[in-house]
Amino acid sequence: MNAFEPTRTLLNPKFEGYKLDPVSQDEIVARFPLQYKPTQATVSGKSPLSFQEVQSRITHNHLAICTEASRAMYVDSVYRVILIDIDPATISPSFRVLYELPTFLQSDETSYPHREYPSGAFVTPSSAVVSDGQGLLYALNFANDDHAEALGTFSLPSPGPPFRIHTVHILSSTAIFAILSSRYYGPIPYTGTESKGAVFDIWGVRIELTSSPLSGVQQLEVLWHRRGQDVPIYTAFIESLDASVLISGTTYQQVGEDLTSVYEPSAEELAPIPRADEKFDIDVPEPSKPPPYSWTQTSDSVTMAIPLPSNTPKSTIKVMFSPQSLTVHVDNEVCSSVPIPRYSTKKLWDMVSTSTSYWTWDREAEHSFGLLTLYLDKQHAGTKWTHVFAPTQGDMEVLETLDPSQLWHIREALEKYTAALRDGDDASGLGLGRGVPSLAEGELDMEVDETVGRKAYLSWVNEKGVAPLWCKNAEKIPYQLLSTPFTGSRDTDLSLVVKNNLDGTVHTLDSKNPNYPAWTHTSTFSALSFVLASKQDTRFTFHSSEGVFAFEGGIRDRGGNVYIYRVPTSKAKWAKQAILKVGDGYGGPLLGVGIIHIDGFIPVILCLAEGELILLKNP
């Protein structure tokens with residue numbers, strides 16, 4: 001399976017930003033107080049939660065959506081399963097208690113595993129499965145009565161840890177498939193290295209449904225069992241592939257495999273043996289290798305500066321321009337401490353005019369490096385290049401130097417770098433220019449922008465519990481995930497929004513060929529990762545055909561907003577953005593979000609807070 005490769009024709013280098021498109025708060029947002037209130041409080045074990053558990057609980061969606069009817073479900077603070085029905089005529093909710101889960105009392109003298117949040121999923125509009133977060137799963141039927149009937153109670157194999165329900169898929173009229181996650185409390189599953197982080201089990205289970213209640217607690221039939229160092233961000237069962245996809249901050253191996261390679265000690269954990277007169281308490285930074293070139297642009301040209309050893313004869317430099325590619329060869333036999341760039345018909349970002357493009361070589365004898373300067377004349381004046389070359393996997397990203405006067409600092413940077421390699425000096429403060437694309441000039445926080453979204457991996461598991469042949473390499477390639485589909489989405493094809501420089505590219509899973517499924521770049525939210533980087537309280541980010549929705553969790557008593565980024569039209573310089581106030585400061589933090597469709601096509605977004613349900617009607 002291929003990685004998330006962007007299609008150049010779907011990128012828009014001329015995009016300038018989002019313009020506010022005012023929408024009516026009163027017409028779209030409706031609030032309804034809750035009689036049965038959920039909670040994000042965690043009454044759990046005596047040991048502290050791991051970072052992964054805290055992160056997964058912050059982003060846990062407490063709301064389950066039925067895709068076949070206008071209804072939803074959640075579990076309140078006293079373990080009552082609450083059903084929400086949305087009236088299509090008035091678009092208003094009604095609430096009723098479906099089932100009261102038995103509560104488990106903990107003794108102060110005994111150490112118990114951490115409880116999970118209760119979770120659930122609809123099987124049909126009149127049946128569901130619910131986990132109490134304490135190790136039991138209930139199969140509920142509520143077709144003939146206001147209150148549900150428990151047709152069975154299930155647990156994982158001994159010791160039956162608390163677990164969370166992620167995905168449910170119907171296998172037949174009497175059986176369903178579910179993906180569960182739980183924390184692993186057994187011996188550390190690493191050989192030779194002690195693991196410092198928590199470990200999690202991912203289970204694929206089969207649940208047999210019966211028409212009459214089963215007595216006692218039944219053991220779930222485990223179809224496959226994986227283990228890793230994080231809780232899944234998103235899971236789904238792809239019927240056409242007969243396989244499950246697990247999206248997480250880690251890959252998942254089969255239980256029993258050696259997971260040593262997953263854990264890598266940090267620099268702080270490596271303790272060298274001291275020798276006489278050695279001082280290890282002094283930090284000596286590694287010299288940062290400068291990029292192979294620097295570049296800047298105007299509306300009609302691109303200037304590229306490549307540092308070369310100053311003793312390089314001009315006769316050894318060969319530069320060839322073509323409308324779509326560039327060739328730079330330097331046949332230099334002089335020994336150099338840094339590799340000399342070499343480009344062979346390397347594809348450019350856009351087309352150039354060969355007749356007016358040229359190059360110069362300035363040896364600068366007083367420097368150890370001279371400058372090979374290329375002047376590329378744009379064929380399409382006014383087109384802003386985001387890179388010199390078309391993106392290729394493995395290439396070092398070289399950002400534009402916005403201040404042309406700093407373009408030549410690449411030479412001094414390389415000199416300092418080579419000196420640092422020779423003498424071990426600190427190579428900071430290299431003066432490479434600001435290196436920020438012009439869209440973000442004066443606004444971009446590089447540290448924040450690099451961490452927008454979540455680093456994620458794809459893990460695939462087929463019905464035999466192993467990875468399909470077509471995904472072997474894809475599992476090891478990380479990417480930055482910006483958005484997943486709404487809970488309750490009716491889209492038949494799975495799509496993800498991933499970070500691509502400043503943009504968010506939408507990739508849809510094409511599974512028509514089960515032997516070679518592929519992620520296809522279908523659309524682009526220009527500058528999405530840039531605008532999301534400025535959001536400090538984002539709890540959920542989902543997308544639909546209407547756009548990307550970034551929901552704030554709401555802190556203290558100020559409530560939270562949802563930021564809506566509409567799908568830009570092709571090659572447009574501007575796109576629409578809307579902002580709605582979701583939390584009013586009195587309903588508490590946002591705990592869950594989902595989408596339903598009234599009469600099959602009118603979208604209504606449900607936002608579950610601790611004290612109220614907020615409906616966004618056709619936002």
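1. Start with the Glu612–Arg31 pair: their side chains meet in a salt bridge at 3.5 Å, N to O (the rule being a side-chain nitrogen of Lys or Arg within 4 Å of a carboxyl oxygen of Asp or Glu). Glu612 sits in strand 37 and Arg31 in strand 2, so the contact ties together parts that are 581 residues apart in sequence. Glu612 counts as buried at 8% relative accessibility, while Arg31 is partly exposed at 30%. Here buried means under 20% relative accessible area, exposed over 50%, and partly exposed in between, with a 1.4 Å probe and protein chains only.

2. Before going on, note that this is a predicted model: local features need pLDDT of at least 70, side-chain atom pairs count only at pLDDT 80 or more, and totals for chains, interfaces and linings use all residues. Residues are numbered from 1 along each chain as its sequence is written, and side-chain values use heavy atoms, with hydrogens and water left out.

3. Strand 37 (residues 612-617) has 5 of its 6 residues buried, so the rest of the structure largely encloses it. Strand 2 (residues 29-33) pairs with strand 37 in the antiparallel sense over 5 bridges, and strand 36 (residues 602-609) also pairs with it antiparallel over 5 bridges. (Pairing needs at least two DSSP bridges between the strands.) Leu615 is the bridge partner of Ala30 and of Leu606. Strands 36 and 37 form a hairpin with 2 residues between them.

4. There's also an open antiparallel sheet of 5 strands, in the order 11-12-13-15-18. Its edges are strand 11 (164-172) and strand 18 (253-254), each pairing on one side only. Inside it, strand 12 (residues 175-183) and strand 13 (residues 200-208) are joined by 9 bridges, with Ile179 partnered by Gly204.

5. Arg227 and Asp201 meet in a salt bridge at 2.6 Å, N to O. That links strand 15 (residues 221-228) to strand 13, 26 residues apart. Both ends are buried: Arg227 at 9% and Asp201 at 4%. Have a look, too, at the salt-bridge network of Arg206, Glu208 and Glu221.

6. For the overall picture, I get 11 salt bridges by this rule. The protein has 5 helices and 37 strands, taken as DSSP runs numbered from the N terminus (helices H or I, at least four residues; strands E, at least two). Buried residues make up 51% of the 619. Of the contacts (heavy atoms within 4.5 Å) with a separation of 6 or more, 62% are between residues 24 or more positions apart.
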